[in-house]
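Here are some worked exercises on strand pairing and side-chain surroundings. Have the sequence and the model open while you go through them.

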Amino acid sequence: MKFVDDYLAAVEEGRRDDAARHLAPDAELVFPGGKRYRSLDELAAASTGRYRSVGKHRDRYETGEDGTLVYSIGRLFGENNHGVRFDHVRYVDRFRLRDGLIVEQWVWNDLAETGVLDARTTDDLAPEWRP
């Protein structure tokens with residue numbers, strides 16, 4: 001779990017080279033809407049313009065018996081493109097590991113469903129999504 005936590009921290013902090021060391025050469029990153037990426041650079045380019053920043057409160061990890069599946073479960077926080085800060089948005093990341101590296105990351109979250117990305121003021125957010 002520390003390996004996955006280190007990867008997520010590196011991604012969140014913009015340390016793309018450090019994060020990339022956790023990925024197998026054939027890694028696939030699958031994000032909401034079925035969007036698939038083969039590198040962190042590709043993911044970062046596709047995320048530009050979606051929000052100013054996003055981070056994760058990593059509340060807990062769950063692992064499969066053989067340690068090849070790891071789930072990170074928690075809440076997203078950040079700032080949308082209108083400068084509105086948000087918090088408490090559910091996410092689950094599922095990682096499949098092989099030979100000590102991440103070969104798949106599947107991401108599910110409620111960013112679109114909550115409306116936090118479209119909010120123009122904090123008043124546009126439901127109270128549960130406010131920091």
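**Exercise 1.** Find the residue that stands opposite Val30, then place its strand in the sheet.

*Solution.* Start at Val30: facing it is Arg36 in strand 2. Please keep in mind that this is a predicted model, where local features need pLDDT of at least 70, side-chain atom pairs count only at pLDDT 80 or more, and totals for chains, interfaces and linings use all residues. Residues are numbered from 1 along each chain as its sequence is written, and side-chain values use heavy atoms, with hydrogens and water left out.

Next, look at the partners: strand 1 (residues 23-31) and strand 2 pair in the antiparallel sense over 3 bridges. Strands here are DSSP runs of E, at least two residues, numbered from the N terminus, and two of them pair if DSSP finds at least two bridges between them.

Now step back to the open sheet, which has 6 strands in the order 2-1-6-5-4-3 with mixed pairing. Its edge strands, pairing on one side only, are strand 2 (35-37) and strand 3 (53-63).

**Exercise 2.** Decide whether Lys56 is buried or exposed, and identify its side-chain polar partner.

*Solution.* First locate Lys56 in strand 3. Lys56 has a relative accessible area of 18%, so this residue is buried (under 20%; exposed is over 50%, partly exposed in between; 1.4 Å probe, protein chains only).

Then check contacts (heavy atoms within 4.5 Å): leaving aside neighbours within four places in sequence, those of Lys56 include Leu8, Glu12, Phe77 and Tyr91.

Finally, the side chain of Lys56 makes a polar contact with that of Asp93 at 2.3 Å; such a contact is a pair of N or O atoms within 3.5 Å, and within protein one must be able to donate a hydrogen and the other to accept it, while residues adjacent in sequence count only if both atoms are side-chain atoms.

Terms used
Helices (H or I, at least four residues) and strands (E, at least two) are DSSP runs, numbered from the N terminus.
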